[in-house]
Amino acid sequence: MVRPGVTGHLPRARLAAFASVGLPVGGALLPIQIFVPQFYAAEFGISLSGIGLLFLAMRLIDAAADPVAGALSDRTRTRFGRRRPWIAIGGLLFAVATWLLFFPPRSAGLSYLCAVLLMFSASFTMIQTPLSAWGAELSGRYHSRTRIVTYQLSAYALGLLLIQVLPTLIDQVRPDDGQLKMAAIGGFILVTLLPGLALTLTSFSEAPLPASVAPPQPFLATARLILADGLLLRILGSDVAVRTGQGMRAALIIFFAVSYMGLPRWAFGLYLLQFVFGLAAAPIWLRIGYRIGKHRAAIAGELVQVAINLGLLSVFPGDLGLLIGLTVAQGLSQGSGNLMLRAIVGDLADRHRLQTGVNRTGLFHSVFSLSEKAGTALSLGIALPLVAWFGFVARGSNPPAVLEHLKLVFALGPALAHMVSAALLYRFPLDQAAHASIEAQLAGRDLAFPIHPA
């Protein structure tokens with residue numbers, strides 16, 4: 001295995017291997033948001049309000065565990081490193097949860113869905129939180145971190161793309177066969193999980209253990225530490241807004257395509273198209289971030305998404321061309337916030353280490369993971385009960401007035417969320433020049449106080 005230096009070159013092949021577990025893990029996120037609620041509502045008769053509130057409660061409970069996972073991985077001491085044991089165990093649990101979620105028994109109900117989602121989310125946390133912290137530790141350079149995150153998000157995007165191919169093909173011949181689509185999705189995750197997990201775990205050895213690892217802290221002390229960092233709170237708030245906007249769109253797109261547009265064969269195809277262009281746009285946003293800085297690139301992308309979602313108000317049944325155009329534009333712009341905000345968290349952890357002398361990289365990334373889950377929880381907890389309150393039903397027909405309300409929620413909800421995200425990033429002070437100063441001061445401190453080997 002390669003042991004990266006703080007400033008050393010990170011080979012492309014190694015970065016691709018490091019990010020490979022994101023293919024199945026990231027790919028699972030989309031069906032959780034857009035297909036699992038629709039499937040369990042249609043096949044098992046669970047109400048949309050019940051599913052939405054369940055997702056809200058489960059994701060918020062799970063999110064509260066993220067700082068615990070981050071802090072524990074910071075303090076883990078094994079011959080295999082701090083992060084890798086968590087990722088390995090989490091990967092095995094993720095496989096079990098995938099089987100239970102995508103191959104449910106006929107007796108499955110709300111309590112079954114609740115238990116399986118809790119296992120699924122907990123195993124995801126055990127993978128994602130240590131993996132994010134490990135990625136931030138591969139390099140301390142401002143732009144190198146953007147490059148690492150680009151590889152990780154590209155793996156997620158590729159997983160999201162590939163996982164939609166089979167359901168999209170199934171939609172062309174058997175659009176009403178939800179069980180077949182669930183089996184195709186679950187099979188893809190299981191087939192790709194173990195190889196991806198092995199590649200990630202063997203891609204790099206972990207960096208030497210910092211001398212200043214945070215001592216154990218009670219929950220309230222950790223909460224006060226996070227709440228005292230104003231810049232971190234702005235990034236977390238921005239990410240919650242990004243995830244809420246994207247999640248509302250994901251939660252409603254099948255209902256919008258099938259019930260409002262009357263295009264059941266495009267239900268998965270629209271998201272497949274969006275992610276094809278999202279995958280292609282990742283290198284573009286990387287270059288934009290190099291040119292204008294991370295937070296400015298994020299603002300630009302968020303404002304573009306506001307305009308795109310408002311454009312959905314002009315889409316009516318039969319306007320397939322306009323809908324496809326807006327979907328392509330959504331794909332080209334959607335990666336800006338996800339990519340840049342992830343990269344900024346590592347910079348904030350460096351700033352915190354300079355101010356306090358303590359390395360809390362794992363904790364910072366766990367809190368960022370909390371914001372991702374909070375955004376997803378809010379999106380499902382708002383979108384599904386809201387359209388149900390307007391009278392929308394997953395099975396059966398809906399009157400025109402109800403369908404118009406569905407379109408309003410589908411368009412205006414994400415637009416408002418992305419507007420909030422952009423506003424929180426306005427005049428963000430930690431840019432490339434500020435981080436260069438932090439990096440230089442940390443380098444001087446590390447020379448004076450060398451880190452201990454792992």
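Reader: Let's start with one residue. In which helix does R243 lie?

Author: R243 lies in helix α10. One thing to keep in mind as we go: this is a predicted model.

Reader: Does R243 count as buried or exposed, and how do you know?

Author: Its relative accessibility is 14%. The cut-off for buried is under 20%, so R243 counts as buried.

Reader: Which residues is R243 in contact with, leaving aside its neighbours within four places in sequence?

Author: R243 has heavy atoms within 4.5 Å of N338, R342, S371, E372, G375, T376 and S379.

Reader: What makes α10 parallel or antiparallel to α14?

Author: Look at the crossing angle. The axes of α10 (residues 230-260) and α14 come within 10 Å and cross at roughly 160°. Anything over 145 degrees counts as roughly antiparallel, so α10 is roughly antiparallel to α14. The crossing itself is left-handed.

Reader: Which residues make that contact?

Author: On the α10 side you'll find L231, L232, I235, S238, D239, V242, R243 and Q246, and on the α14 side N338, L341, R342, I344, V345, L348 and R351. These residues divide into eight nonpolar, three polar and four charged.

Reader: And α10 with α16, parallel or antiparallel?

Author: The axes of α10 and α16 (residues 400-424) come within 8 Å and cross at roughly 160°. With the limit at 145 degrees, that makes α10 roughly antiparallel to α16. This crossing is left-handed, and the residues of the contact divide into 16 nonpolar, nine polar and four charged.

Reader: Let's turn to salt bridges. How many does the structure hold?

Author: The structure holds six salt bridges. Let's go through some of them.

Reader: What makes D171 and K181 a salt bridge?

Author: The test is a side-chain nitrogen of Lys or Arg within 4 Å of a carboxyl oxygen of Asp or Glu. D171 and K181 have N and O atoms 2.9 Å apart, so the pair passes. D171 is in helix α7 (residues 142-173) and K181 in helix α8 (residues 178-203), so the bridge ties together parts that are 10 residues apart in sequence.

Reader: Are R174 and D177 buried, partly exposed or exposed?

Author: R174 comes in at 46% relative accessibility, which lies between 20% and 50%, so R174 counts as partly exposed. D177, at 17%, falls under 20% and so counts as buried.

Reader: What makes D347 and K294 a salt bridge?

Author: Their closest N and O atoms are 2.6 Å apart, so the pair is within the 4 Å limit. It links distant parts of the chain: D347 is in helix α14 (residues 335-356) and K294 in helix α12 (residues 294-311), 53 residues apart. Both D347 and K294 are buried.

Reader: Now the loops. Where is the place of G391?

Author: G391 is in the loop between α15 (361-389) and α16. Its relative accessible area is 37%, between the 20% and 50% limits, so G391 is partly exposed.

Reader: What does G391 touch, not counting residues up to four places away in sequence?

Author: G391 touches N398 and V402. G391 and V402 are 11 residues apart in sequence and 6.1 Å apart in space, C-alpha to C-alpha.

Reader: Where is R427 found?

Author: R427 is in the loop between α16 and α17 (432-448). It has a positive phi of about 55° although it is not a glycine. Its relative accessible area is 65%, over the 50% limit, so R427 is exposed.

Reader: Last, the whole protein. How many helices and strands does it have?

Author: The protein has 17 helices and zero strands. Of its 454 residues, 58% count as buried. Among contacts between residues at least 6 apart in sequence, 85% join residues at least 24 apart.

How values were computed
Residues are numbered from 1 along each chain as its sequence is written. This is a predicted model: local features need pLDDT of at least 70, side-chain atom pairs count only at pLDDT 80 or more; totals for chains, interfaces and linings use all residues. Side-chain values use heavy atoms; hydrogens and water are left out. Helices (H or I, at least four residues) and strands (E, at least two) are DSSP runs, numbered from the N terminus. Buried means under 20% relative accessible area, exposed over 50%, partly exposed in between (1.4 Å probe, protein chains only). Axes are lines fitted to C-alpha atoms, for helices over the stretch in contact, and angles run from 0 to 180 degrees between N-to-C directions. Angles under 35 degrees count as roughly parallel, over 145 as roughly antiparallel, 65 to 115 as roughly perpendicular and the rest as oblique. A crossing is left-handed if the near helix is turned anticlockwise from the far one by less than a right angle, and right-handed if clockwise. Ala, Val, Leu, Ile, Met, Phe, Trp, Tyr, Cys and Pro count as nonpolar, Asp, Glu, Lys and Arg as charged, and the others, Gly among them, as polar.
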